[in-house]
Amino acid sequence: MSIVAVQLGQCGNQVGHEVFNTICGDVRGTHGLCSKKENEAYHDACTERFFSEAESGVPVARAVLVDMEPKVISQTLSIAARSGHWKYDDQSHFCQKQGSGNNWANGYSVHGPRNKEVIMNLVQKEVEKCDRLSGFFTIMSMAGGTGSGLGAFVTQCLRDAFPTSFILNHVIWPYGTGEVIVQNYNSVLTLSHLYQSSDALLVHENDVIHKICAQLMHIKQISFRDVNQVIAHQLGSVFQPAHTAEAGLHYSRNPLGDLMEALVPHPEFKMLGLRNIPQMPENSLAYSTFSWPGLLKHLRQMLIANAKMEEGSFRDPSLYTSWLNPQDAFNAWKTPRAFNKYEKSASLVSNSQFLLKPLDNVVGKAWNMFASKAYIHQYTKFGIEEEDFLDSFTTLEQVISSYTNL
Amino acid sequence: MTQSVVVQVGQCGNQVGCRFWDLALREHAAVNKKGIYDEALSSFFRNVDTRAVGYKVYGCQYRENIVEKLRKTAEHCDCLQCFFIIHSMGGGTGSGLGTFVLNLLEDEFPEVYRFVTSVYPSGEDDVITSPYNSVLAMKELNEHADCVLPIENESLFDIVNKIHQMINSGKLGSTVKPNSLVTSSAGTAKTVQEKPFDAMNNIIANLLLNLTSSARFEGSLNMDLNEISMNLVPFPRLHYLVSSLTPLYTLADVNIPSRRLDQMFSDAFSRDHQLIRADPKHSLYLACALLVRGNVQVSDLRRNIERLKPSLHFISWNQEGWKTSLCSVPPVGHSHSLLALANNTCVKPTFMELKDRFMKLYKKKAHLHHYLQVDGMEQGCFSEAISSLSDLIEEYNELDASKGGLRTDPSRLKIAV
């Protein structure tokens, strides 16, 4: 089954491009460390999932690129095409001439409705190229205007048009300081709206990824490209074909469905986090060896402090909330094939309280600003009123409360 | 690709405008060696001639004429995003006609942003009635501009002097790259002797170039002009931004260690680099934007913000009030540059001084008759204008009052469990 990606705004398009790059590079790589048959099965599953075939033989990413101004999309399209190994469909993009100005209201209330038909047509075309649709994977940031505002609107449209498909929103959480001043407003509005229409929100925090780049990968002058590549690697490690428990020896046919089923037991809890190990600079790879116990121990320690070892430890009931059975709560997906030059790697996707503190932070700061009515005139200009803000705050306080009481 | 239209009004406006076009062409020529008219260039120019039309018209009866010219220019734009108005506040044409045009733009093109670069008069201005002109203009700026970048000739003069001193004192080990001087037009089409104001006007021209760089060139974190307004203007009338530009020159040696890069950030917050005499470090920041050009990455940005934050006072509800952008293309002659725009209560003293100078004249009704002779001008215009300015000062006062006091955060919404 196939996944259609929707890349929204500058961040969405820049990250999306790295994701397809990573996936393509992984599949083409010779580091598989498994049997030829295994490799071929992997290759086929991955291709079906993310690419469609073009006459030229170059795989075409199943993606729709959306932005309100043209610079980023044209760059993304040309860099992909130049790689020679994959590209985007020349028709599958939409842009306007002027950006959303970091204004959620502009993205949601103006650009959204104005361009709904065109964008949904593009999505429909991509969907038709799929034999069977597993669902949608949208990539956006919360801080700006297009990814966040238009992204929330598009997610709603996807939900309306495809009520039975899964929608997974990949959301980039901005740096705590200094990307966009109104990022807290934009984040609050985005999260509250996404919570209604999306099945799950997979979150990456720029601050966390930045630390990985600095401390684990030892990159000196970290650029957004470095950050995006780490994000892409982490996403790839989850979305590349793997065997789930039920599927047995075959690669999972319904990746998004399996993910949702495993991770979202209750619609009140939709925030997912992702951790992946190991992460290290490429030139250290040759000198490192890995063991499964070591990796899993590390992962579990990342989940909570003071952990015990072994995979079995993930079935410890104390990790999970009382209304869940550890058997249901924990799933392991495996594949013998190595991913992206790491001889062994493991990823943990969890639905837990790890986002509670950042969420509480963002809501707190946004509320503070809201109390002094700062910048509100910029939003009311485009039709988002104070009541809309209050609704969003209420929704998120509810989410915070639910996660706190776990 | 969005377009901007530059409207140059009055003597000051036109002189600055000319410097601007020269430097803009030079910048695009440097990027595009083949001299092909490309997309980035099209943000300012149309095929052969420029969009800047200097206005030498006077008075309201030319309104139709002006509207006509603006319409024609706007029609050539695919997607007009912004008007840049360059004028002075002290003179008659610049301030009067300039703000008249501002009004006009709001009426005819309400959705297009209006950025105004205003040169404020100094205390020893040779135009006696400059306080009147300025305060009357301020009312219009308050109500009709989206963003105003106030500039003082004294600051520009100081920058020019500083550069001359550095060059002549021979303190610099290597030679300074001539085209890197923020005051020079080396490498442009201009072959005439440089006039005295040219160096100062070049600084303003560079300001405009840096402001629009992210809209014209690519980068990893773009910032369009509408984002400047969105992020830096928390309340509609408080849209006066203090600008500072670095570097002022670049040495000829190419290797720039990161210490030099950090120095650039520090300089942007030093008073020597500001285009207006004000003291932001001892006042309250409402918001701050950093527009970075060249080979600078997000980690450099973050490092410097962390470093500088402790010495700056931000208002309680905007402690992380930083807006940043990264544009890959540096200005000509530099490997990187930084334009800082601050919405800071330090502009208040400037306005208060203006008000004082106005009141000195107004109390004695000095020179008032010249204005009242003009059709449409009444005493009411003056009282409205001064009241508008007083209100503005009061708004800044209220915000200042919140500084330093212990402020408890407003309590959050409670959810029934």
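**A walk through a two-chain model**

Across the interface of chain A and chain B, the rule picks out 4 salt bridges. Keep in mind as we go that this is a predicted model. Why look for such pairs at all? Because side chains of opposite charge can pair when their charged atoms come close. In one salt bridge, the side chain of Glu320(B) meets that of Lys365(A), at 3.5 Å from N to O. Over all chains, a search of the whole structure turns up 24 salt bridges.

Now take the interface as a whole. On the chain A side, 53 residues are in contact with 55 residues of chain B. Between them, the two chains bury about 4400 Å², and 52% of that area is on carbon and sulfur atoms.

Next, let's turn to how helices pack inside each chain. Two packed helices are described by the angle between their axes and the distance between the axes. Start in chain A with helix α1 (residues 9–28) and helix α2 (residues 36–50): their axes come within 10 Å and cross at roughly 160 degrees. An angle over 145 degrees counts as roughly antiparallel, so that is what α1(A) is to α2(A). The crossing of this pair, α1(A) and α2(A), is left-handed. From α1(A), the contact draws on Phe20(A), Ile23(A), Asp26(A) and Val27(A), while α2(A) brings Tyr42(A), His43(A), Cys46(A) and Phe50(A). Sorted by class, the contact of α1(A) with α2(A) comes out as 6 nonpolar residues, 1 polar and 1 charged.

Further along chain A, helix α13 (residues 356–371) packs with helix α15 (residues 386–404) at an angle of about 155 degrees, with the axes 10 Å apart. That angle makes α13(A) roughly antiparallel to α15(A). Here too you can check the handedness: the crossing of α13(A) and α15(A) is left-handed. Among the residues making the contact are Leu359(A), Val363(A), Trp367(A) and Phe370(A) of α13(A), along with Phe389(A), Phe393(A), Leu396(A) and Ile400(A) of α15(A). By class, the contact of α13(A) with α15(A) has 13 nonpolar residues, 1 polar and 3 charged. While you are in this part of chain A, look at Lys373(A), in the loop between α13 and α14 (376–380). Phi of Lys373(A) is near 60 degrees, a positive value in a residue other than glycine.

Over in chain B, helix α4 (residues 130–144) meets helix α10 (residues 348–363), with axes that come within 9 Å and cross at roughly 125 degrees. How does that angle place the two helices? It makes α4(B) oblique to α10(B). As for handedness, α4(B) and α10(B) have a left-handed crossing. On the α4(B) side the contact is made by Pro131(B), Tyr132(B), Ser134(B), Val135(B) and Met138(B), and on the α10(B) side by Phe351(B), Leu354(B), Arg357(B), Phe358(B), Leu361(B) and Tyr362(B). Those residues divide into 9 nonpolar, 1 polar and 1 charged.

Helix α4 of chain B also holds both Glu143(B) and Lys139(B), 4 residues apart, about one turn of the helix. The side chains of Glu143(B) and Lys139(B) meet in a salt bridge, at 3.8 Å from N to O.

One last stop in chain B is the peptide bond that joins Thr246(B) and Pro247(B). Is this bond cis or trans? It is cis, with omega at about -10 degrees. You'll find Pro247(B) in the loop between β5 (242–246) and α8 (258–268) of chain B.

Note on methods
Residues numbered from 1 in each chain as written. Chains lettered and ligands numbered in written order. Predicted model: local features only at pLDDT ≥ 70, side-chain atom pairs only at ≥ 80, totals over all residues. Heavy atoms only, no water. Axes fitted to C-alpha atoms, helices over the stretch in contact; angles between N-to-C directions. Parallel < 35°, antiparallel > 145°, perpendicular 65-115°, else oblique. Left-handed = near helix turned anticlockwise from the far one by under 90°. Contact = heavy atoms within 4.5 Å. Nonpolar A, V, L, I, M, F, W, Y, C, P; charged D, E, K, R; others polar. Buried area = accessible area lost by both parts, 1.4 Å probe.
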